[in-house]
Amino acid sequence: MLHLSLRQWEVFCAIAHSGSTVAAAQTIGLSQSAVSAALQQLEAGLGAQLFARSGKRLVLNDLGRSLWPQAQALLELALQLEQATQHSEPMAPVVLRLAASTTIANHVLPAILADFMQRYAQVQFEVVIGNTREVADAVSEASVDLGFIEGVSHWPALEVQPWREDELVLIAAPGHALVAAAGHSPVSAQQLGACRWLLREEGSGTREAVEFTVLSQLREWPIAAVLGSSEAICTAVARGAGISCLSRVIAQPWIERGELAVLHSLLPPMRRQFSLLQRQGKQRSPVLQALVQACEDAA
């Protein structure tokens, strides 16, 4: 006979995600006392504690971290069973938790989510923004339902679904000497290697793509700055701090306003893949599958 309930596992996952019984209670619509009682019953049924207290926060211990992905999968399966007879929009509100790297989160995903919410009025989104490494970690830890990354995944425990292609462009301030030179002939790797570069941080999909497609072609690349934001790089490049290489979707508005210029070079075409990430074996709910389809359609 089963002694543990889905409600108890729902409480466990809500606390693991939010870090407190107060926040968990708000998320799942219970009182704080009911959440605390459900956690106590779960730990009593297991005969072990699942959280350690750090200040006012509840933090998963080793056992809790090992059980979280399985508990999340259990709740996802229960949701699929509940929605099995629903052909389109869920009857009750559904929260989809996503993680996206900065380029996708700021410049690609918002339009897709806005269109999706017009169709599925009951769906709410929680989107965590980070670099590619942070997105993969969030997917691995089961704290999100789906991840969106730029470039290659180095996490064998995650399923990778190629999504759409992205173009990388070399950018400089319009008054940069190489812009005038590129007007006569494409700039060489030697010319690029003599410039000061502005790059994203380690762990960024953009940084990895630039290192693979551009910097690997150069003998040297003096680094002027490492910035954790592509928009910050655009601002610095536009002010003459150096050159960079970023996604076309980020640079294009700056180019159209005349604040940045594209450097045409002798390097091969620079492209990378946007991909979707999920845990191995994860079963998508109908709503999550509909979101994936919407992403594919938008591509």
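Close-up 1. At 8% relative accessibility, Arg272 counts as buried (buried means under 20% relative accessible area, exposed over 50%, partly exposed in between, with a 1.4 Å probe and protein chains only). Asp166 is buried too, at 3%. Their side chains meet in a salt bridge, 2.9 Å from N to O (a side-chain nitrogen of Lys or Arg within 4 Å of a carboxyl oxygen of Asp or Glu). This pair links distant parts of the chain, 106 residues apart: Asp166 sits in strand β6 (residues 158-172) and Arg272 in strand β11 (residues 271-279). Strands (E, at least two residues) and helices (H or I, at least four) are DSSP runs, numbered from the N terminus. Glu150 joins Asp166 and Arg272 in a network of salt bridges.

**Close-up 2. Arg65 and Asp62 in helix α4.** Here both partners lie in helix α4 (residues 62-82), 3 residues apart, about one turn of the helix. Arg65 is partly exposed at 47%, while Asp62 is exposed at 58%.

**Close-up 3. Glu202 and Arg207.** The closest N and O atoms of this salt bridge are 3.1 Å apart. Glu202 is partly exposed at 49%, whereas Arg207 is buried at 9%.

**About all views.** The count comes to 11 salt bridges. This is a predicted model, in which local features need pLDDT of at least 70 and side-chain atom pairs count only at pLDDT 80 or more, while totals for chains, interfaces and linings use all residues. Residues are numbered from 1 along each chain as its sequence is written, and side-chain values use heavy atoms, leaving out hydrogens and water.
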